[in-house]
Amino acid sequence: MENILEIDRLTKRFTDWEHFSLKSRTILDQISLEVKPGEIFGFLGPNGAGKTTTIKALMGIIRPSSGTARIMGHDILERSQEVKKRTGFLPENPYFYDYLTVGEFLRFCAALFGITGRQARQRTAELLELVGMSPAAGLPLRKCSKGMLQRTGIAQSLVNDPEFLVWDEPVSGLDPIGRKEVKDLMLELKKRGKTIFFSSHILPDAEALCDRVGIIVGGRMHRVGTLPELLKDSVSWIEVVAQHLPEGFALDGAGTQKVAGQLLIRLEGPESLDPALKKIMQAGGSVISVVPQRENLENYFARQVRTAKEAGQ
Amino acid sequence: MRRIFTIAANTFRETVRDRVLYGLVAFALVILPGSRLVITLSVGQEVRILKDFGFGAIALFGLLIAVVSGTALLFKELDKRTIYVLVAKPVKRWELLVGKYFGLLATLLLAFLIMGITLILTLLLMGGKPDGLFFLTIAGLFGQLAVITAVAMLFSTLAAPALSAVFTFCVYIAGTAADQLRLFADRMPGDLLKTAAQAVSYVIPNLQNFNFRAESIYNLPVDQSKIWLMLAYAALYITFALTVASIILERKDLK
């Protein structure tokens, strides 16, 4: 099956007309990535990296300066109506019409897709139930907390039962319980066959949810891949457990700790493994386990951002 | 069409809940005591003066609603970023603009109904009664403001509300004196200046096409062709203003 999203060398430059400057700033520089059907794709990057700009370009809020993007095979500019009929969008820090209640707003969104009357009321009730907002249906949006607005935003993005969801920072501003509920909802939607493209800077959440991630830094795509692919070369240290070693056994550059008659050895990097194993054997010891300790996404991400910045991106 | 109606209905709800109607209550409070003042000042001319005063007040309050709401509606959508949700749905930008325009027009119509009824009641209290010309004048005032609302929305795609409101108000003033403006343009020295002044005078809406106040107050006959001219001119000018506004909005990055 074709990719749900294909971004090809998408570029966005802004000219600062407001300050009478003719200089243009490149916010997105030839971004390319693909999202496969049924996956949860995390679009990660530090603040100001270009995540929201990319999403705005995909949703027709801003026009790309060059490059293309296709959603479900349709060009986002030429076939924007087709794209929008089958896509659900949650903006960052959503803010909705003060003068409407939660229920009225969802029915308004449903009407824009041609869902009206009893069908709209039914759909609204289902969505409110899904996001845990049923008791707040009659609450004016101006009285909603940030978390409630986020849930309302999620509900409106699902009003047309879309195949593809584009969510900008869906868990930001939520308390731990709210975050868990949104994450559970994302996994539930994935089970129902939806594809989710979401931006985040909350990396443990992304790590728990994503099939693949893309890292954007300074308007350029830095890495795209599955978590095992990205983290495969990022072994931080190797933990070796050995026994029957003589008292005072030590390895150059490695930390050791005696635990329940066994020696726990921490090796810095894979290159020191072979010499260490050889030395253990020579000392008459036996190896019980060798466990490479991989970097988590947060550390990997911080390292990638640092590398990108050092490279001048 | 359905999407335009949905947006129009929502805009109507927005403007009505946005305390615009409170201004109309103020209007009712002004016109009724105002009429008593008129009676004491103009013996024998009460009904005429009241009509003139009432039409002026309707035009002023209507203008306030048209300019304040017309220039702020789109800006609020952009400023509060509520437009992101709309644009990401299968809504074309011109549909958004036209929907908002008709929503505001519906609010204006409601305001005219309330103000018109208040004026009629005051007129009846003073022994006068509304005739066909009375209603034609009200319709003319509504036509003027329908055009001005479109102009306000056009400016709102280009500038912030305060600046758009000033521009719209200037267009209204110039439009109510459009015939004089054209005479003035014809008398400009130098071909270039004359052509430029004439061009400006033709771009500014001629709101005198909508003015039946003198006919209504002095019971003068109205040529039916003037009514058709008013309708055609309003339709053309509104289409022109909204088309230009749509083209601008279509090309705009909604940051």
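1. A salt bridge is taken here as a side-chain nitrogen of Lys or Arg within 4 Å of a carboxyl oxygen of Asp or Glu. Glu126(A) and Arg123(A) form such a pair through their side chains, at 3.0 Å from N to O. Both residues belong to helix α4 (residues 117-130) of chain A, where they stand 3 residues apart, about one turn of the helix. Helices (H or I, at least four residues) and strands (E, at least two) are DSSP runs, numbered from the N terminus. An α-helix has 3.6 residues a turn, so residues three or four places apart point the same way.

2. The model is predicted: local features need pLDDT of at least 70 and side-chain atom pairs count only at pLDDT 80 or more, whereas totals for chains, interfaces and linings use all residues. Residues are numbered from 1 along each chain as its sequence is written, chains are lettered from A and ligands numbered from 1 in the order in which they are written, and side-chain values use heavy atoms, with hydrogens and water left out.

3. Arg123(A) is buried at 18%, while Glu126(A) is partly exposed at 40%.

4. Over all chains, the structure holds 22 salt bridges. One of them joins the side chains of Glu163(A) and Arg86(A) at 2.8 Å, N to O. Glu163(A) lies in the loop between α5 and β7 of chain A and Arg86(A) in the loop between α2 (80-85) and β6 (87-90), so this pair ties together parts that are 77 residues apart in sequence. Glu163(A) is partly exposed at 36% relative accessible area, and Arg86(A) is partly exposed at 27%.

5. In helix α6 of chain A, Asp184(A) and Lys180(A) are 4 residues apart, about one helical turn. Their side chains meet in a salt bridge of 2.7 Å, N to O. Asp184(A) is partly exposed at 36%, as is Lys180(A) at 47%. In chain B, salt bridges that share partners join Glu14(B), Lys76(B), Glu77(B) and Lys100(B) into one network.

6. Asn160(A) sits in the loop between α5 (146-157) and β7 (164-168) of chain A and is buried at 14% relative accessibility. Contact means heavy atoms within 4.5 Å. Leaving aside residues up to four places away in sequence, Asn160(A) touches Lys84(A), Lys85(A), Arg86(A), Thr87(A), Phe113(A) and Ile115(A). A polar atom of the Asn160(A) side chain lies 2.9 Å from the backbone oxygen of Lys85(A).

7. Ser172(A), in the loop between β7 and α6 (176-191) of chain A, is buried at 12%. With residues up to four places away in sequence not counted, Ser172(A) touches Asn93(A), Gln150(A) and Ile202(A).

8. The contact between the chains involves 27 residues from chain B and 30 residues from chain A. Across the interface there are 3 salt bridges. The side chains of Lys12(A) and Asp253(B) meet in a salt bridge at 2.6 Å, N to O. On the side of chain B that touches chain A, α1 (2-17) and α4 (83-87) of chain B each supply at least two residues, and the largest share, 8 residues, comes from α1(B).

Terms used: Buried < 20%, exposed > 50% of the residue type's maximum accessible area, 1.4 Å probe, protein only. Polar contact = N/O pair within 3.5 Å; in protein donor to acceptor, adjacent residues only side chain to side chain.
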